[in-house]
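Reader: I am new to reading ligand and metal sites. Could you walk me through one, step by step?

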Amino acid sequence: KRAKATGRIEAYQNHVFTIARARFGMETALRRAIEDERLRLAYQPICDLTTGAITSFEALARWRDEDGRDHPPTDFIPVAEESGLIVPLGRWAMDEAARTLARWDRVAGGDCGVRVAVNLSAIQLQRDAVVPLVERTLAAHGLSGDRLTLELTESALVSDPDHIAGVMHALRDMGARLAMDDFGTGYSNLAYLQQLPIDVLKIDRSFVTHMLADRDKVAIVRAILGLAHALGMATTAEGVETVELSQTLAALGCVYGQGYLYARPLEADAALAMLRG
Ligand code: C2E
Ligand code: CA
Ligand code: CA
Ligand code: CA
């Protein structure tokens, strides 16, 4: 009996070891990918639900490793956050997104008419000097702050709310828009909504995509829209996959939508073509 238990413990230890090794392998490969600038950004349009006009593009990280394998960000962003690599990754993403927007402006011969939205990890907000980073990035690419949206998750607000509030006010003072990402999935204390300079609530895809078949989801989406409206914030629904969904959301008072109905995340050139289309 004891031999059997020992065997099970060994199997478990081997299992843990295998996971740790896989994580460490991914961390090492990701570190190299950042250094060798092998990450890419894909750009997904965010559209006015009523007119379909593109208002901005969200920049989403993409990683194809040396073996040609694509790793989804839901795998490598957590590894980047645990290892601290999110700081260089986040800096790179900010710079690359700004560089792309500046290029689109040049092609358009002026303001190309859209913003770019960059994801800011809670870990990066705690560890990096995000305000000077944004200032430097905008200056380096000749962009004004109002061309940038920063997407934060509620987890950013948990650990040092006073510090984060200061950062958010400084970013807002530079003209950047602030969006609360994945709204409704993170945090139960809503008091922060009154205190922080938030422009947009992004309603998480988990409430949106299948809401037409689920009255509870409709109730949650309605409640979020009511809250945003009362607080003077705009709303973006994620995961808009059908025309019917876009129409229902617009009828409920949601302003913007993002999802496969409009486009999947696109390479920069394809995004520009869509913008000019
Ligand atoms: P997110 O910020 O919520 O980004 C939206 C995700 O939903 C993207 O997944 C996008 O491809 C996906 N999506 C958009 N429309 C639809 C749709 O209609 N249907 C479905 N099923 N999915 C849709 P993606 O690109 O895999 O990114 C996953 C997450 O990884 C992001 O979620 C974000 O949290 C994180 N992430 C990606 N890039 C970055 C980055 O540069 N920095 C940070 N900190 N996080 C990032
Ligand atoms: Ca986002
Ligand atoms: Ca989101
Ligand atoms: Ca989401």
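**Reading the sites**

Author: Among the 21 residues around ligand 1, the nearest are Gln44, Ala61, Arg62, Glu241 and Tyr260; a residue counts as near a molecule if one of its heavy atoms lies within 4 Å of it. This is a predicted model, where local features need pLDDT of at least 70 and side-chain atom pairs count only at pLDDT 80 or more, while totals for chains, interfaces and linings use all residues. Residues are numbered from 1 along each chain as its sequence is written, chains are lettered from A and ligands numbered from 1 in the order in which they are written, and side-chain values use heavy atoms, with hydrogens and water left out.

Reader: How many residues of the shell around ligand 1 are nonpolar, polar and charged?

Author: Ala, Val, Leu, Ile, Met, Phe, Trp, Tyr, Cys and Pro count as nonpolar, Asp, Glu, Lys and Arg as charged, and the others, Gly among them, as polar. Here the shell around ligand 1 has eight nonpolar, six polar and seven charged residues.

Reader: Which element gives the most to the shell around ligand 1?

Author: Elements are DSSP runs numbered from the N terminus: helices (H or I, at least four residues) and strands (E, at least two). β2 gives the most, with four residues.

Reader: What lies 3.1 Å from an oxygen atom of ligand 1?

Author: A polar contact is a pair of N or O atoms within 3.5 Å; within protein, one must be able to donate a hydrogen and the other to accept it, and residues adjacent in sequence count only if both atoms are side-chain atoms. In this case, a polar side-chain atom of Asp181 is 3.1 Å from a ligand 1 oxygen. For Asp182, a side-chain N or O atom is 3.2 Å from an oxygen of ligand 1.

Reader: Now the metals. Which residues coordinate the calcium ion (ligand 2)?

Author: Donors are N, O and S atoms within 2.8 Å of the metal (3.2 Å for Na, K and Ca); water is not among the atoms, so sites may look incomplete. For the calcium ion (ligand 2), they come from Glu58 (OE), Asn119 (OD1), Glu151 (OE) and Asp181 (OD), at 2.1 to 2.3 Å. Asn119 lies in strand β4 (residues 115-119) and Asp181 in strand β6, so this pair ties together parts that are 62 residues apart in sequence.

Reader: Which residue bridges the calcium ion (ligand 3) and the calcium ion (ligand 2)?

Author: Asp181 does, and these two ions lie 3.5 Å apart. The calcium ion (ligand 3) is coordinated by Asp181 (OD), Asp182 (OD) and Glu238 (OE), at 1.8 to 2.6 Å. Along the chain, its donors have the spacing D-D-x55-E.

Reader: And what are the protein donors of the calcium ion (ligand 4)?

Author: They are Asp182 (OD), Asp204 (OD) and Glu238 (OE), lying 2.3 to 2.7 Å from the ion. Asp204 is in the loop between β7 (200-203) and α8 (205-208), and Glu238 in the loop between β8 (234-237) and α10 (243-251), so the pair ties together parts 34 residues apart in sequence. Asp182 also bridges the calcium ion (ligand 4) and the calcium ion (ligand 3), which are 3.2 Å apart.
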